[in-house]
Amino acid sequence: MRLEKCWFCSSTVYPGHGIQFVRNDAKIFHFCRSKCHKNSKMKRNPRKVKWTKAYRRLHGKDMTQDSTFEFERKRNRPERYDRNLAENTLKAIKKIDKIRSDRASDHIKNRLKTGKVQRQKEAMKQLELGIHLVKAPLALAQDSSLCLPKIKVNVSQAQTEENQPMEE
């Protein structure tokens, strides 16, 4: 059973599913669903469409370089069937899938760390601005470290036509 990759979104196309487009130069394009086929006909770039694998890899949301991707490569050379080799291959596939999923979860955790730090900074800023809502006014008066420093600003009002009282 040959599993193809969608030309537009890079998802798996199972036998009997999707659309196959053959260009005049005999290049074959496999599409997993009509959404990908229509986007391709509209000449959209997969790297600019947010739901594609190409976009996610380009913007650092998915792993791009990992040694486990080497096993997914398409090989056209047929191999002679060997029962032991097939058994070992199936065992290796399970191990590789576990390693890949672990690495993917680590990648996601590392990617989301920056957002967590930013949210904490914003929360601290909101707390500093609204500390009077959290602490009682007497506690703020006693402990000056909880308040922001007060700055006095001198404003001089020059006598202009606009500041003159109106005459009736």
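**Close-up views of a predicted protein chain**

**View 1. The whole chain, end to end.** From the N terminus on, the elements run β-β-β-β-α-α-α-α-α. Residues are numbered from 1 along each chain as its sequence is written, and side-chain values use heavy atoms, without hydrogens and water. Of the 168 residues, 15% are buried (under 20% relative accessible area; exposed is over 50%, partly exposed in between; 1.4 Å probe, protein chains only). The accessible surface comes to about 15,400 Å², with 53% belonging to carbon and sulfur atoms (Shrake-Rupley method, 1.4 Å probe; for residues, only the protein chains shown count as cover).

View 2. Strand 3 (residues 19-22) pairs with strand 4 (residues 28-31) in the antiparallel sense, over 4 bridges. Pairing requires at least two DSSP bridges between the strands. V22 has I28 of strand 4 as its bridge partner. The hairpin leaves 5 residues between the strands, and A26 in the turn has a positive phi of about 70 degrees.

**View 3. The salt bridge R23–D25.** The closest N and O atoms of R23 and D25 are 3.1 Å apart. A salt bridge puts a side-chain nitrogen of Lys or Arg within 4 Å of a carboxyl oxygen of Asp or Glu. The whole structure holds 3 of them. R23 counts as partly exposed, at 38% relative accessibility.

View 4. E87 and K91 form a salt bridge, with 3.7 Å between the closest N and O atoms. Both lie in helix 3, 4 residues apart, about one turn of the helix. E87 is partly exposed at 41%, and K91 is partly exposed at 48%. D102 and K98 meet in a salt bridge at 3.4 Å, N to O. These two also sit in helix 3, 4 residues apart. D102 is partly exposed at 37%, whereas K98 is exposed at 53%.

**View 5. A nonpolar surface patch.** M124, L127, L133 and V134 form the patch, with about 430 Å² of accessible area together. Helix 3 (83-129) and helix 4 (131-134) each give two or more residues to the patch. M124 belongs to helix 3. Patch residues have over 30% relative accessible area and no salt bridge; like charges are joined within 9 Å, nonpolar side chains (Val, Leu, Ile, Met, Phe, Trp, Tyr) within 5 Å.

Key. Predicted model: local features only at pLDDT ≥ 70, side-chain atom pairs only at ≥ 80, totals over all residues.
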